[in-house]
Amino acid sequence: MVKINSDLSDHQNFNFDNTKTIICIGFFDGFHKIHQKIIQKTKTLAIQENKKSIVITFSQKVNDFLKKINNNIQSQKIKYKLIEDNVNPDYLLEIQVNNHTLMISPNDFCNFLLNKLNASKIIVGSDFKFGYMGKGNADFLKQYFGSENIIIFKRNKDISSTQLKNLFEQGEIKKLNKLLNYNFLLEIKRESDNIYLIDKISIKLANGKYKINILNQSYIVNIINNSIFFNEITNFNKEIIEILEKIE
């Protein structure tokens, strides 16, 4: 998987050698089962049609950019690792959310998809919005590319990034992992010999005792205000841990 950053500028060119592409677009926070299906569908179609697969995502949510907050359930590093490890599309293109990209019209965004990325089919969720003030949507894509070239995944009320966030904050880790189809991952950084901090996210995990995996070894730890307390001195630096369950 090749990762590319873009600010949607006219001068940026991509070396696809005129190869047509299948593209899915979304923020994919939490990389839950529906996200996995969307990205896998993108890769499967690309293989079947001898095209390249592209996952388009964003450096941050528009509301987070405007409010200068980070309300993600997952760090970008972990999200991209999961996408690569589980699906491995040809390309992941991260659009930088800034004052310039927020002003791009829906039509100019579609021009970018067609002329810069050689889009032939596009896959999105039913609630996907894009372009200035979110004026673009799935219907706009259908009008621009043709209905036969747009695949829409309906929003599933039983699973959403908001639901995942609520389960995380409540410490309902087993339920969370079931919706994800994998054990939830967190980045941590060292504070002292036996204390680590949950890194790169601002939402709070419910205080309690948890079972975690780190470097293929299980530990029982106390987590309080996103600080992780080990019962022994450890020498991890920055690592990714798996949260298995809340014990108490």
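Trainee: Which residues is histidine 32 in contact with, leaving aside its neighbours within four places in sequence?
Mentor: Ile159, Ser160, Ser161, Leu164, Leu179 and Leu180. Keep in mind that this is a predicted model.

Trainee: And where is histidine 32 found?
Mentor: In the loop between β2 (21-25) and α1 (33-48).

Trainee: Is histidine 32 buried or exposed?
Mentor: Buried. Its relative accessibility is 4%, and the cut-off for buried is under 20%, so histidine 32 counts as buried.

Trainee: Switching to the strands. Which strands close into a barrel, and in what order?
Mentor: Six of them, in the order β7-β8-β11-β10-β9-β12, with antiparallel pairing. From one strand to the next, the twist averages 45°.

Trainee: How many bridges are there between β7 and β8?
Mentor: Four, with β8 covering residues 195-199 and the pair running in the antiparallel sense. The two strands form a hairpin, and four residues sit between them. Across that pair, lysine 189 is opposite leucine 197 in β8.

Trainee: What about β8 and β11, how many bridges there?
Mentor: Three, again antiparallel, and β11 is residues 227-229. Isoleucine 195 has phenylalanine 229 of β11 opposite it.

Trainee: And how many bridges join β9 to β12?
Mentor: Four. β9 spans residues 208-214, β12 spans 239-246, and they run antiparallel. Tyrosine 210 faces lysine 246 in β12 as its opposite number.

Trainee: What holds strands like these together in general?
Mentor: Strands of a sheet pair through backbone hydrogen bonds, in either a parallel or an antiparallel arrangement.

Trainee: Which strands does helix α3 lie across?
Mentor: β7 (184-190) and β12. Helix α3 is residues 76-86, and its direction is at about 140° to β7.

Trainee: Now the other helices. At what angle do α4 and α5 pack?
Mentor: About 55°, with the axes 11 Å apart; α4 is residues 106-116 and α5 is residues 138-145. That angle makes α4 oblique to α5. The crossing is right-handed.

Trainee: Which residues make that contact?
Mentor: From α4, Pro106, Asn107, Cys110, Asn111, Leu113 and Leu114. From α5, Phe140, Leu141, Tyr144 and Phe145.

Trainee: How many of the residues in the contact of α4 with α5 are nonpolar, polar or charged?
Mentor: Eight are nonpolar, two are polar and none is charged.

Notes:
Residues are numbered from 1 along each chain as its sequence is written. This is a predicted model: local features need pLDDT of at least 70, side-chain atom pairs count only at pLDDT 80 or more; totals for chains, interfaces and linings use all residues. Side-chain values use heavy atoms; hydrogens and water are left out. Axes are lines fitted to C-alpha atoms, for helices over the stretch in contact, and angles run from 0 to 180 degrees between N-to-C directions. Angles under 35 degrees count as roughly parallel, over 145 as roughly antiparallel, 65 to 115 as roughly perpendicular and the rest as oblique. A crossing is left-handed if the near helix is turned anticlockwise from the far one by less than a right angle, and right-handed if clockwise. Contact means heavy atoms within 4.5 Å. Ala, Val, Leu, Ile, Met, Phe, Trp, Tyr, Cys and Pro count as nonpolar, Asp, Glu, Lys and Arg as charged, and the others, Gly among them, as polar. Two strands pair if DSSP finds at least two bridges between them. Buried means under 20% relative accessible area, exposed over 50%, partly exposed in between (1.4 Å probe, protein chains only).
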